[in-house]
Amino acid sequence: MSAARVPPTLGVLLAGGLARRMGGGDKPMRTIGGRTILERVIARLSPQCSGLILNANGDPARFAAFGLQVVADDVPGFPGPLAGILAALDWTAANRPGIEWVLSAAGDCPFLPRDLVARLHEVRARENAQLAVAASGAQSHPVIGLWRVALREELRHALVVEDLRKIDRWTARYPLATVTWPTEPVDPFFNANTVEDIAEAERLAALDDAS
């Protein structure tokens with residue numbers, strides 16, 4: 001799918017997690033290769049999206065340097081990434097009513113593909129799917145995907161009424177396209193979950209920056 005034919009898509013960077021495996025704090029604010037992970041995510045997605053917002057809870061001022069609108073969950077209790085996706089769908093409907101699609105991406109994935117939005121839309125359209133998620137190797141990454149803004153009330157019902165939390169349980173209700181990327185030389189969906197992952201990310205950043 002050519003860039004001209006990719007539907008306008010708003011990107012949401014999901015940074016609402018509690019980062020327990022790193023002892024708390026904001027994982028996207030960790031630095032690798034001289035740049036924060038969040039800087040790297042923004043640089044990858046900005047050219048692909050019709051704007052970016054950040055889903056995070058707590059004081060939004062800590063992200064002020066990045067110049068992004070910060071949107072908090074409106075479902076209490078830290079119910080997980082689906083709440084962040086819902087918040088992004090609601091924000092898009094209210095503030096960018098001409099946009100029908102939202103791309104979600106984890107805020108701690110510094111090596112996202114440069115063709116992420118285009119390929120997700122291409123396969124989604126070809127398979128006539130309602131949603132699309134990314135994969136690499138044999139692993140699906142449901143937090144990285146395309147979501148129809150029009151499905152937001154169905155998602156709200158699943159979260160609030162049904163207490164549904166897992167993304168793949170919700171996506172299983174709809175025609176879903178899964179788009180796979182290679183894992184060499186760098187898995188584009190590598191995410192920094194632990195302190196050890198940061199060391200590995202430093203090595204991968206050198207490879208990625210050289211590509």
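Biologist: Which helix holds Ala158?
Modeller: The model is predicted: local features need pLDDT of at least 70, side-chain atom pairs count only at pLDDT 80 or more, and totals for chains, interfaces and linings use all residues. Residues are numbered from 1 along each chain as its sequence is written, and side-chain values use heavy atoms, with hydrogens and water left out. Helices (H or I, at least four residues) and strands (E, at least two) are DSSP runs, numbered from the N terminus. Ala158 lies in helix H4.

Biologist: Is Ala158 buried or exposed?
Modeller: Buried means under 20% relative accessible area, exposed means over 50%, and partly exposed is in between (1.4 Å probe, protein chains only). Ala158 has a relative accessible area of 0%, so the call is buried.

Biologist: How far apart in space are Ala158 and Trp170, C-alpha to C-alpha?
Modeller: Contact means heavy atoms within 4.5 Å. Not counting residues up to four places away in sequence, Ala158 touches Asp163, Leu164, Trp170 and Arg173. Ala158 and Trp170 are 12 residues apart in sequence, and their C-alpha distance is 7.6 Å.

Biologist: At what angle do H2 and H4 pack?
Modeller: Axes are lines fitted to C-alpha atoms, for helices over the stretch in contact, and angles run from 0 to 180 degrees between N-to-C directions. The axes of H2 (residues 81-95) and H4 (residues 152-161) are 10 Å apart. Their packing angle is about 150 degrees.

Biologist: How many charged residues are in the contact of H2 with H4?
Modeller: Leu82, Ala83, Ile85, Leu86, Leu89, Asp90 and Ala93 in H2 meet Arg152, Leu155, Arg156 and Leu159 in H4. Ala, Val, Leu, Ile, Met, Phe, Trp, Tyr, Cys and Pro count as nonpolar, Asp, Glu, Lys and Arg as charged, and the others, Gly among them, as polar. By class, this contact has eight nonpolar residues, no polar ones, and a charged count of three.

Biologist: What distance separates the C-alpha atoms of Val75 and Val160?
Modeller: Val75 lies in the loop between strand S5 (69-71) and H2. At 9% relative accessibility, Val75 is buried. Setting aside residues up to four places away in sequence, Val75 touches Ala83, Leu86, Leu159 and Val160. Val75 and Val160 are 85 residues apart along the chain, but their C-alpha separation is 7.3 Å.

Biologist: Which bond in the model is cis, with omega near 0 degrees?
Modeller: Most peptide bonds are trans. Pro185 sits in the loop between S9 and H6. The cis bond runs from Glu184 to Pro185.

Biologist: Where does Val186 lie?
Modeller: Val186 is buried, at 10% relative accessibility. Leaving aside neighbours within four places in sequence, Val186 is in contact with Phe111, Leu204, Leu207 and Asp208. Its place is the loop between strand S9 (176-181) and helix H6 (195-210).

Biologist: How many of the nine residues of helix H1 are buried?
Modeller: H1 covers residues 37-45 and is largely enclosed by the rest of the structure. The buried ones are Ile37, Leu38, Arg40, Val41, Ile42, Arg44 and Leu45.
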